[in-house]
Amino acid sequence: MSVHDELAHARHALDDLVRAVDRLQIPRGDDPDVRRVRVDTDHLREDLDLLRQSMAAEESSADPARPQIVFIPRTPYDPSMWADCEDEGIGSRHGPERLQARPARRLLPRRA
């Protein structure tokens with residue numbers, strides 16, 4: 001997940017927590033414990049907002065020349081593009097003209 005997705009997920013979870021605290025406040029009334037949890041959730045909301053703002057500021061100050069995604073087509077390449085090329089050893093010995101030009105290997109007898 002990206003940072004923006006994580007921040008949105010945290011914000012959604014915090015909204016769920018605030019709704020749960022609201023439901024707790026109905027039977028408990030203006031209990032000091034419920035007020036303390038309410039203040040904590042307010043602090044969490046402010047902290048998430050500050051984090052989101054700082055992330056946005058970092059992104060805007062970052063290099064605007066981001067690398068772009070280059071899509072490579074699935075169509076075959078033009079074979080003329082590969083004319084007179086070798087595959088760094090992979091195909092250099094496998095062509096028909098190379099097989100004939102290669103000398104045969106001689107196996108030496110083993111010494112006892």
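View 1. V70, I72, Y77, M81 and W82 make a nonpolar surface patch of about 610 Å², and W82 has its place in the loop between α2 and α3 (96-101). Patches are made of residues with over 30% relative accessible area and no salt bridge, where nonpolar side chains (Val, Leu, Ile, Met, Phe, Trp, Tyr) are joined within 5 Å and like charges within 9 Å. Accessible areas come from the Shrake-Rupley method with a 1.4 Å probe, and for residues only the protein chains shown count as cover. The model is predicted, so that local features need pLDDT of at least 70 and side-chain atom pairs count only at pLDDT 80 or more, while totals for chains, interfaces and linings use all residues. Residues are numbered from 1 along each chain as its sequence is written, and side-chain values use heavy atoms, with hydrogens and water left out.

View 2. The protein has three helices and zero strands, and from the N terminus on its elements run α-α-α; helices (H or I, at least four residues) and strands (E, at least two) are DSSP runs, numbered from the N terminus. Helix α1 (residues 3-28) has 26 residues and reaches 37 Å from its first C-alpha to its last, close to the 38 Å expected at 1.5 Å a residue, the expected span being 1.5 Å times one less than the number of residues. The buried residues of α1 are L7, L14, V18 and V21, and of the 112 residues of the protein, 10% count as buried. Buried means under 20% relative accessible area, exposed over 50%, and partly exposed in between (1.4 Å probe, protein chains only). Just after α1, G29 takes a positive phi of about 75°.

View 3. D15 forms a salt bridge with R45, the closest N and O atoms being 3.2 Å apart. D15 lies in helix α1 and R45 in helix α2, so the pair ties together parts that are 30 residues apart in sequence. D15 is partly exposed at a relative accessible area of 22%, and R45 likewise counts as partly exposed, at 25%. A salt bridge is a side-chain nitrogen of Lys or Arg within 4 Å of a carboxyl oxygen of Asp or Glu, and the structure holds nine salt bridges.

View 4. D16 forms a salt bridge with R19, with the closest N and O atoms 2.3 Å apart; both residues lie in helix α1, three residues apart, about one turn of the helix. D31 forms a salt bridge with R28, where the closest N and O atoms are 2.3 Å apart, and D31 is buried, with a relative accessible area of 15%. Salt bridges that share partners join R11, D15, R45, D49 and R52 into one network.

View 5. D40, D42, E46 and D47 form a negative surface patch. Asp and Glu count as negative and Lys and Arg as positive, while His and the chain ends are not counted; the place of a charge is taken as NZ of Lys, CZ of Arg, CG of Asp or CD of Glu. D47 has its place in helix α2 (residues 32-61) and is partly exposed, with a relative accessible area of 47%.
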